[in-house]
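Please keep the sequence and the structure in view while reading.

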Amino acid sequence: MDKFYPVALPVLNGNEKKYVMDCLDSTWISSNGSYIKRFEEEFAAFCQAKHAIACNNGTTALHLALLAHGVGPGDEIIVPTLTFVATANAVTYCGAKPVFVDSEPETWNIDPKRIEERITPRTKGIVAVHLYGHPADMDPIRQLARQYGLFVVEDAAEALGAEYKGQRTGGLGDSAIFSLFGNKIITTGEGGVLTTNDAALAERAQLLRGQGMDPQRRYFHTVIGYNYRMTNIQAAIGCAQLQNAEWHIAQRLRIADHYTKYLRDCSALALPVQQDWAKNVYWLFSVVLREGSEAERDEVIRRLQLQGIESRPFFYPMHVLPPYEKLQSASEFPVAGRIAAQGINLPSYGTLTEADVRYISSTLLDIVSSL
């Protein structure tokens, strides 16, 4: 084995070191400093949103968003069952109940046609997850939200720069959140951002982020808040990453093109789609086995690893996880159940070459053909 291909790898090829050293030299290394405001302003502009609130990770950004929308005990929030567990956990942090919805078979996102049947008098909002980089179908979701008086949060943790009908994620709902973990399209190591066009919601989120301290009266705390702040060092890395954001996105698209070229003729694999109304940023290039069991999928992953290729299964759907399995019957989610059991995430990071993708693809094809 000459080379190992991880699923994800951060690319720090800009001013990251320069800006971090500036923080160290200035001693502004905690949750105050010039890079935080700069990062928030530049992030909001990138997402075509009016406000951005930097947080210490994407989960806390989602928790803040839900709290700012007034979510509390007794409320119900609609979320896709096929998502990372943080989506459901953030709802639970608020004392609310996540209500799960099955997936679309093509995009793997929440199925808008299945949302209305889950709405009850306790439903307060919808979290639309843009899974693996493809935006959810937002128009029918927003229409339902207007009809029933609900808010919409975009969980765009995996979809920086993705577009829905020409508009970037981050301004498609009443609020949105992003993750900046080390495996994301751009990273601050750990980090997250809440975006919104609602000034009052942004103000509420900022208050809650900083321990509920009155911005006009130091150490006077008007509500029970949280310490969800981003550090100046994280923001400095974020500013450098944002400067190259278009490059990072372009690499994901390039890699997706290579994978598609080498895998599209394999009838055993379903490849990620890009609907005509969407721009998919392919956070991870993900494939689904058209046939076979979860055990066979796991065997493919095992054999890829033996060839120096790390891959990952899709997220377990929420309805099979111990904290949530009693909320709804697994029989209600046939599409998500199948996709999750047969999905594989392949290496996807900016420094992969076409030769790398060709090797990964040919290895995968050999393994799949031998099943």
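## A buried aromatic pair

Phe 178 has a relative accessibility of 1%, under the 20% limit, and therefore counts as buried in this predicted model. Phe 43 is likewise assigned as buried, because its relative accessibility is 0%.

The ring centres of Phe 43 and Phe 178 lie 5.1 Å apart, and the ring planes meet at 75°; since this angle is over 60 degrees, the pair is edge-to-face. Phe 43 belongs to helix H2, which covers residues 34-46, whereas Phe 178 belongs to strand E8, residues 175-179; the pair therefore ties together parts that are 135 residues apart in sequence.

## Other aromatic contacts

Aromatic pairs in the structure number 15. One aromatic cluster is formed by Phe 84, Trp 108, Tyr 132, Trp 283, Phe 314 and Phe 315.

Charged groups also sit over aromatic rings. The charged end of Arg 217 is placed over the ring of Phe 220, at 3.9 Å from the ring centre. For Arg 218, the charged end is over the ring of Tyr 219, and the distance to the ring centre is 5.1 Å.

Across the whole structure, three cavities of 30 Å³ or more are found. The largest cavity has a volume of about 80 Å³. Its lining comprises 16 residues, of which Leu 9, Val 11, Lys 184, Ile 185 and Arg 252 are the closest to the centre. By class, this lining of the largest cavity contains seven nonpolar, seven polar and two charged residues.

The second largest cavity has a volume of about 70 Å³. Among the residues that line the second largest cavity are Glu 106, Thr 107, Leu 131, His 134 and Pro 272. Trp 108 and Tyr 132 also belong to this lining, and both are members of the aromatic cluster described above. The lining of the second largest cavity divides into seven nonpolar residues, four polar and one charged.

## Positive phi angles in loops

Most residues other than glycine have a negative phi. Thr 27, however, has a positive phi, near 70°. Thr 27 is located in the loop between helix H1 (16-26) and H2. With a relative accessibility of 61%, which is over 50%, Thr 27 counts as exposed.

Gln 48 also has a positive phi, near 60°. Gln 48 is found in the loop between H2 and strand E1 (51-55). The relative accessible area of Gln 48 is 45%, so Gln 48 is classed as partly exposed.

Notes
Residues are numbered from 1 along each chain as its sequence is written. This is a predicted model: local features need pLDDT of at least 70, side-chain atom pairs count only at pLDDT 80 or more; totals for chains, interfaces and linings use all residues. Side-chain values use heavy atoms; hydrogens and water are left out. On a 1 Å grid over the protein atoms alone, a cavity is a set of points where a 1.4 Å probe fits but cannot get out, and a pocket is an open set with protein on both sides within 12 Å along at least five of seven lines; lining residues have an atom within 4 Å of a point. Grid points are joined across faces, edges and corners, and a volume is the space filled by probe spheres set on the points. Ala, Val, Leu, Ile, Met, Phe, Trp, Tyr, Cys and Pro count as nonpolar, Asp, Glu, Lys and Arg as charged, and the others, Gly among them, as polar. Rings of Phe, Tyr and Trp (its six-membered ring) pair if their centres lie within 6.5 Å; planes under 30 degrees apart count as stacked, over 60 as edge-to-face and the rest as tilted. Helices (H or I, at least four residues) and strands (E, at least two) are DSSP runs, numbered from the N terminus. Buried means under 20% relative accessible area, exposed over 50%, partly exposed in between (1.4 Å probe, protein chains only). A charge sits over a ring if NZ of Lys or CZ of Arg is within 6 Å of the ring centre and within 35 degrees of the ring normal.
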